[in-house]
Amino acid sequence: MTQTRAALRPTVLTALLAALLSVLLTPAPASAASLQEVTGFGSNPGALKMYRYVPDGLPAGRPVVVALHGCTQNAAGYASGTGWTTLADRWGFSVVLPQQQSGNNLSQCFNWFGSADIGRGQGEAASVAQMVDRQLADVSGDPSRVYVTGLSAGGGMTAVMMAAYPEKFAAGGIVAGLPYGCAQAAGSRYVCMYVGATQTPAQWGDRVRAARPGYTGPWPALTVFQGTADYTVRPANMTALVDQWTNVHGADRTADVSDTVAGYPHRVYRGPAGNAVVETYSLTGMGHGQPVDPGSGDAQCGAAGAYFLDVNLCAAYRLGKAWQLG
């Protein structure tokens with residue numbers, strides 16, 4: 001018996017050594033993509049930071065989504081909380097995540113209300129436009145499939161980008177945001193947020209047209225998500241967004257589709273050519289935040305947290321489907 005055990009030892013040791021060598025010599029798997037900061041993306045007159053997420057092995061010619069965080073948030077938290085990075089991996093597109101700095105706004109809000117930051121060629125709007133150009137160049141993205149979205153102040157800045165740089169964006173998604181020029185129309189950002197501004201659809205549309213003089217289109221399509229119990233950005237702002245962007249697109253304010261999605265009222269407004277130009281989701285009982293639906297189901301994405309509200313509907317997924325990202 002002793003001889004048998006002694007005879008086995010070299011075989012066992014040889015097997016163990018072989019296994020160890022196999023582990024040591026096997027190449028480590030490629031690391032997963034992660035959020036990266038990009039510097040030197042332009043003159044950056046708005047003094048913003050640029051972050052991006054590019055899935056490993058992303059081929060050329062893929063879409064780009066610009067995602068703008070809300071107040072008190074940052075790029076990394078918004079990237080994961082919304083579900084945009086998960087969808088980027090699943091469907092194959094890159095994400096640009098501008099980040100506000102406290103030197104510009106103590107609450108980390110994008111300055112959607114400031115005249116110096118909402119005009120073409122200046123301030124924060126110009127900085128975001130420069131990020132788009134840098135991203136398209138770096139990843140050989142499809143310039144005809146660039147989209148912009150954001151929450152709250154980021155939603156306000158989304159309207160800014162759609163108005164000031166309409167040629168750069170195929171569509172936008174505004175979550176609990178404001179129409180372009182609302183602070184100026186209301187006389188105050190707070191009146192705009194808490195009450196809303198009184199403008200006719202034509203007056204709202206004129207504010208957009210004035211942001212890009214001489215531009216004849218096409219204008220970006222718009223999708224809006226708004227909680228009915230939002231007391232930070234009142235639902236009146238969604239009505240104003242519908243008025244503004246149906247007017248810009250030459251559409252009437254009668255919805256062509258009125259149904260429900262995940263139990264919530266959903267409306268689609270079509271333009272003269274029959275294409276959807278404005279779409280709305282009225283999230284019954286939801287407060288101020290980004291709608292998410294955590295889970296592993298096909299239509300689920302995002303993570304619940306402060307200003308990420310689990311309402312069984314993921315805004316990022318709905319936008320991605322509207323934009324034919326996946």
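Biologist: Why is cysteine 109 called buried?

Modeller: Cysteine 109 counts as buried because its relative accessibility is 12%, and buried means under 20% relative accessible area, with exposed over 50% and partly exposed in between (1.4 Å probe, protein chains only). The model is predicted, so to speak of local features at all a pLDDT of at least 70 is needed, and side-chain atom pairs count only at pLDDT 80 or more, while totals for chains, interfaces and linings use all residues. Residues are numbered from 1 along each chain as its sequence is written, and side-chain values use heavy atoms, without hydrogens and water.

Biologist: What makes cysteine 71 and cysteine 109 a disulfide?

Modeller: Their sulfur atoms are 2.0 Å apart, and a disulfide is a pair of cysteine sulfur atoms within 2.5 Å, which places this pair among the three disulfides of the structure. The torsion about the S-S bond of cysteine 71 and cysteine 109 is about 125°, and for that reason the disulfide is right-handed. Cysteine 71 sits in the loop between strand E3 (64–68) and helix H2 (75–82), and cysteine 109 in the loop between strand E4 (94–99) and helix H4 (123–139), so the pair ties together parts that are 38 residues apart in sequence. Helices (H or I, at least four residues) and strands (E, at least two) are DSSP runs numbered from the N terminus.

Biologist: Is cysteine 71 buried, exposed or partly exposed?

Modeller: Cysteine 71 is partly exposed, because its relative accessible area is 24%.

Biologist: How do you know the handedness of the link between cysteine 182 and cysteine 192?

Modeller: The torsion about the S-S bond of cysteine 182 and cysteine 192 is about 115°, so this disulfide is right-handed. Cysteine 182 belongs to helix H6 (residues 182–186) and cysteine 192 to helix H7, so the pair ties together parts that are 10 residues apart in sequence. The sulfur atoms of cysteine 182 and cysteine 192 are 2.0 Å apart; cysteine 182, at 1% relative accessibility, counts as buried, as does cysteine 192 at 0%.

Biologist: What handedness does the link of cysteine 301 and cysteine 314 have?

Modeller: With -95° about the S-S bond, the link of cysteine 301 and cysteine 314 is left-handed. Distant parts of the chain are linked here, with cysteine 301 in the loop between strand E11 (290–292) and strand E12 (308–310) and cysteine 314 in the loop between E12 and helix H10 (315–322), 13 residues apart. The S to S distance of cysteine 301 and cysteine 314 is 1.8 Å, and cysteine 301 is buried because its relative accessible area is 4%, while cysteine 314 is buried at 1%. When the bonded cysteines of the protein chain are numbered in sequence order, the pairing reads 1-2, 3-4, 5-6.

Biologist: What volume does the largest pocket have, and which residues are closest to its centre?

Modeller: The largest pocket holds about 280 Å³ of space, and of its 19 lining residues the closest to the centre are Cys71, Cys109, Ser152, Met193 and Thr232. On a 1 Å grid over the protein atoms alone, a pocket is an open set of points where a 1.4 Å probe fits, with protein on both sides within 12 Å along at least five of seven lines, and lining residues have an atom within 4 Å of a point. Grid points are joined across faces, edges and corners, and the volume is the space filled by probe spheres set on the points. Helix H7 (residues 189–194) provides the largest share of this pocket's lining, three residues.
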